[in-house]
Amino acid sequence: MALTPDDVRRIQHLARLELQPPESERMLTQINGFFSIVEAMRAVDTAGIEPLAHPVAAFQDVQLRLRDDVPSEPNAREANQRSAPAVEGGLFLVPKVIE
């Protein structure tokens with residue numbers, strides 16, 4: 001997959017970027033370079049290889065230091081919602097922005 005200069009102009013428009021022609025050409029080269037790296041990685045056969053939880057796990061055992069999933073702060077919902085203009089059922093009410 002490779003982008004064309006038209007693709008870069010469309011991305012510039014969508015991202016509201018103003019790039020000069022040399023910057024646009026450099027961006028095209030960089031993005032296409034990224035895509036070539038992704039294509040090279042996709043070409044590697046990874047069938048039967050389990051994903052790693054941590055990159056270091058490839059060469060040594062790693063014990064993840066996970067803490068217990070317990071609440072550590074008191075429930076202060078009411079105090080936090082006192083300054084809200086509108087609350088209902090413990091939820092913030094906001095104006096509709098999409099019709």
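Let's start with Val-87. Its relative accessibility is 36%, so Val-87 counts as partly exposed. Keep in mind that this is a predicted model. Val-87 sits in strand E1, residues 87-88.

Now the inside. Nonpolar side chains tend to be buried together in soluble globular proteins. Here, the largest nonpolar core has 5 residues: Leu-3, Val-8, Leu-28, Ile-31 and Phe-35. Helix H2, residues 21-42, gives the largest share of this core, with 3 residues.

Which residues of H2 are buried? They are Ser-24, Leu-28, Ile-31 and Phe-35. Look down the axis of H2: the buried residues fall within an arc of 75°, so they line one face of the helix. Turn to the face away from that buried side. There you find exposed residues Pro-22, Glu-25, Arg-26, Thr-29, Ile-37 and Met-41.

Last, charges. Side chains of opposite charge can pair when their charged atoms come close. How many salt bridges does the structure hold? It holds 1. The partners are Asp-6 and Arg-9, and their closest N and O atoms are 2.1 Å apart. Both residues are in helix H1, residues 5-15. They are 3 residues apart there, so about one helical turn separates Asp-6 from Arg-9. Arg-9 has a relative accessible area of 48%, so Arg-9 is partly exposed.

Terms used: Residues numbered from 1 in each chain as written. Predicted model: local features only at pLDDT ≥ 70, side-chain atom pairs only at ≥ 80, totals over all residues. Heavy atoms only, no water. Helix = DSSP H or I, 4+ residues; strand = E, 2+ residues; numbered from the N terminus. Buried < 20%, exposed > 50% of the residue type's maximum accessible area, 1.4 Å probe, protein only. Salt bridge = Lys/Arg side-chain N within 4 Å of Asp/Glu carboxyl O. Core = buried A, V, L, I, M, F, W, Y, C linked by side-chain atoms within 4.5 Å. Arc of directions from axis to C-beta.
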